[in-house]
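Hello,

Here is the structure for you to look at. My notes on it follow below.

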Amino acid sequence: MKESDGLFLIESRIMAKYAKHTNGVGSLIEVKSKFDAEFRRFSVDINGVTTSDEFYELVNKLHKLKDIPFLITYTDTYGDQLPINNDDNFMKALTTVKGVLRLQIQRKGNISS
């Protein structure tokens with residue numbers, strides 16, 4: 001682990017704590033993502049990450065998925081799994097979340113129903 005990775009994790013934890021106080025009022029959304037057996041918690045500034053492509057790159061860096069093609073889905077308020085595969089779906093995920101935005105990151109071709 002590089003020093004910059006450690007600083008990023010600390011920053012993510014601070015942002016996650018801050019998001020608990022601003023979710024629904026401010027611009028930070030708390031996110032919990034799962035890829036295989038690995039979980040990550042981070043916050044997204046909805047004023048800073050505005051497209052699904054930017055979000056895809058953020059998740060790619062956080063989970064270190066370099067050359068692994070993947071899909072992102074989220075759990076909506078009704079418990080349904082919905083894709084984040086375009087800007088409209090991305091904004092819907094951010095604006096309808098209550099509490100934590102829960103993501104599932106899956107390798108392309110390994111999608112279970």
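**Strand pairing and aromatic pairs**

Phenylalanine 35 has glutamate 38, in strand 2, as its bridge partner. The model is a predicted one. The two strands concerned, strand 1 (residues 28-35) and strand 2 (residues 38-45), run antiparallel and are joined by 8 bridges. Their hairpin has 2 residues between the strands, and aspartate 36 there takes a positive phi near 55 degrees.

Strand 1 also pairs with strand 5 (residues 101-107), in the parallel sense and over 5 bridges. In that pairing, valine 31 stands opposite leucine 101 of strand 5.

On the aromatic side, the count is 2 pairs. Phenylalanine 55 and phenylalanine 90 have ring centres 4.9 Å apart and planes at 35 degrees, so this pair is tilted. It links distant parts of the chain: phenylalanine 55 lies in helix 2 (residues 52-63) and phenylalanine 90 in helix 3 (residues 87-96), 35 residues apart. Both phenylalanine 55 and phenylalanine 90 are buried.

The rings of tyrosine 56 and phenylalanine 70 have centres 4.1 Å apart and planes at 5 degrees, so that pair is stacked. Here too distant parts of the chain are linked, with tyrosine 56 in helix 2 and phenylalanine 70 in strand 3 (residues 70-75), 14 residues apart.

Regards

Definitions and conventions:
Residues numbered from 1 in each chain as written. Predicted model: local features only at pLDDT ≥ 70, side-chain atom pairs only at ≥ 80, totals over all residues. Heavy atoms only, no water. Phe/Tyr/Trp six-rings, centres within 6.5 Å; stacked < 30°, edge-to-face > 60°. Helix = DSSP H or I, 4+ residues; strand = E, 2+ residues; numbered from the N terminus. Buried < 20%, exposed > 50% of the residue type's maximum accessible area, 1.4 Å probe, protein only. Pairing = 2+ DSSP bridges.
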